[in-house]
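Please keep the sequence and the structure open while reading.

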Amino acid sequence: MGSFKIQGGHTLKGEIIPQGAKNEALQIVAATLLTAEPVTLHKIPNIRDVNKLIELVGDLGATVEKLDAESYRITAKDIDVDFLESDQYKTKAASLRGSIMILGPLLARYGKAKIPKPGGDKIGRRRLDTHFIGFEKLGAKFNYSSKESFYSIDASNLQGTYMHLDEASVTGTANIVMAAVLAKGKTTIYNAACEPYLQQLCKMLNRMGAKIEGIGSNLLVIEGVEKLGGTEHTLLPDMIEIGSFIGLAAMTQSEITIKNAGVENLGLIPEVFRRLGVHMIFRDDDIIIPAQKHYEIDTFIDGSIMTVADAPWPGFTPDLLSIVLVTAIQAKGTVLVHQKMFESRLFFVDKLIDMGAQIILCDPHRATVIGMDRKQPLRGIKMSSPDIRAGVSLLIAALSAEGESIISNVEQIDRGYQNIDERLKRLGAQIERIEQ
């Protein structure tokens, strides 16, 4: 298990380029299984979760060629569906929540699939109902072995249909779309997720020969086709990294320029940080965050305390609520952070309180941050990263704190942020990776 040793309290300066979007990569890599022809992907982030999924696709029989540091060509011509029966598959798929994304493509192309109960972050209940109910509406039949925690799915006759999703699940919508593009007839998906990464997937599938209408809305209409061809695709910048860097700049009083940020695809993210008082300059596709000694949280028009809550796109992404919470620690004012989707994602605030932050954890979903306006710095402590987003939030806090911090279990951070310690060093951060 690795750790980061951080000497905090230093300002940073420089330019940073966000990695390709992790959440898009998991969908796009899985989509290569839909065709026997080569699919070339660019801006693939070099992070653990994505690398594991690429490895799993290769284990299934796809030819995986690494063209350069961020580009792959994947040709899924000869897929061995019998690999799904192996202990190796069960072990690998169970350790990676992103493995759920291979279901839609395998069901669409081969009419069957198997999947163990996937792993992933311990951030609360993350149900798979949307995926499975959508597949069932298309005609798939499920068999679950509670003894092995293993799902077997028969989808030998997928038929297009109308469905109204019970929640606008991003991964659920993506999986259903990938199954529906090769199903017979027309599929209509209402209450579909519509975030930019899903739009990217749909545009890529259309270039491969799919017929998807309504991209960018919550009503998708898909006309099934016989087969799909190859294509070339470039991922969007990772909006969660971009939000993390904005929060990092504010907390450490640093001047940071985020290059090639894909500003038009960031939705409410810049506006939420603006409400926290963070000043940003937009120049072409770059975001410049000037060094700020003070920043003040806005209030609602009637003067009441600002609330920041997550919601399905185009609402504010839940993946950045922990960053918002940390950023507010040294602001002037008070904000209520309301994490609606996951009941365990705020349980890292005890570590921030140990560092000196003024936070009241109201319940598993809500925390009130009373900003300190830099009247006192946070203090360095020893702590452990519980999940990807909380881990980076603790890293930001440590970089702004006085003294030394040790963050263990940084493999969690590595699952979502590529070479984060090396990239931060280039900005002037005093951070060292310790392998234990």
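The sections below cover salt bridges, an aromatic cluster, a helix pair and some individual residues.

## Basis of the report

The model is predicted. Residue numbers start from 1 and follow the chain as its sequence is written.

## Salt bridges

Side chains of opposite charge can pair when their charged atoms come close. In this model the count comes to 20 salt bridges.

E85 and K114 form a salt bridge through their side chains, with 2.9 Å from N to O. This pair links distant parts of the chain, 29 residues apart. E85 sits in the loop between β5 (71-75) and α3 (87-94), while K114 belongs to strand β6 (residues 112-116). E85 counts as partly exposed because its relative accessibility is 46%, which falls between the 20% and 50% cut-offs.

A salt bridge also joins the side chains of R275 and E271, at 3.4 Å from N to O. Both residues are in helix α9 (residues 269-275), four residues apart, which is about one turn of the helix. R275 has a relative accessible area of 29% and is therefore partly exposed. E271 is likewise partly exposed, at 26% relative accessibility.

In the salt bridge between D373 and K375, the closest N and O atoms are 3.5 Å apart.

## The surroundings of D373

D373 is placed in the loop between β20 (366-370) and β21 (382-384). Its relative accessible area of 14% is under the 20% cut-off, so D373 counts as buried. Not counting residues up to four places away in sequence, D373 touches H294, I329, Q330, A331 and K332.

## An aromatic cluster

Across the whole structure, a search finds three aromatic pairs. In one of them, the ring centres of F132 and F142 are 4.5 Å apart and the ring planes stand at 40 degrees, so this pair is tilted. F132 lies in helix α5 (residues 129-137) and F142 in strand β7 (residues 141-145), and the pair links distant parts of the chain, 10 residues apart. F132 counts as buried, at 10% relative accessibility, while F142 counts as partly exposed, at 23%.

F132 also pairs with Y151: their ring centres are 4.7 Å apart and their planes are at 65 degrees, so this pair is edge-to-face. Y151 is in strand β8 (residues 150-154) and F132 in helix α5, so the pair ties together parts that are 19 residues apart in sequence. Both F132 and Y151 are buried. Together, F132, F142 and Y151 make up one aromatic cluster.

## Helices α8 and α10

Helix α8 (residues 239-251) and helix α10 (residues 321-328) have axes that come within 9 Å and cross at roughly 10 degrees. An angle under 35 degrees counts as roughly parallel, so α8 is roughly parallel to α10.

Which residues of α8 and α10 meet? On the α8 side they are G243, S244, G247, A250 and M251, and on the α10 side I323, V326 and T327. The residues of this contact divide into four nonpolar, four polar and no charged.

## T187 in strand β10

T187 is part of strand β10 (residues 186-190). With a relative accessible area of 0%, T187 is buried. Which residues is T187 in contact with, leaving aside its neighbours within four places in sequence? They are L138, G160, T161, M163, A180, L220, V221 and I222.

## N419 and I47

N419 is found in the loop between α13 (411-414) and α14 (420-425). At 41% relative accessibility, N419 counts as partly exposed. How far apart are N419 and I47 in sequence and in space? The two are 372 residues apart in sequence, and their C-alpha atoms are 8.0 Å apart in space.

Notes. Predicted model: local features only at pLDDT ≥ 70, side-chain atom pairs only at ≥ 80, totals over all residues. Heavy atoms only, no water. Salt bridge = Lys/Arg side-chain N within 4 Å of Asp/Glu carboxyl O. Helix = DSSP H or I, 4+ residues; strand = E, 2+ residues; numbered from the N terminus. Buried < 20%, exposed > 50% of the residue type's maximum accessible area, 1.4 Å probe, protein only. Contact = heavy atoms within 4.5 Å. Axes fitted to C-alpha atoms, helices over the stretch in contact; angles between N-to-C directions. Parallel < 35°, antiparallel > 145°, perpendicular 65-115°, else oblique. Nonpolar A, V, L, I, M, F, W, Y, C, P; charged D, E, K, R; others polar. Phe/Tyr/Trp six-rings, centres within 6.5 Å; stacked < 30°, edge-to-face > 60°.
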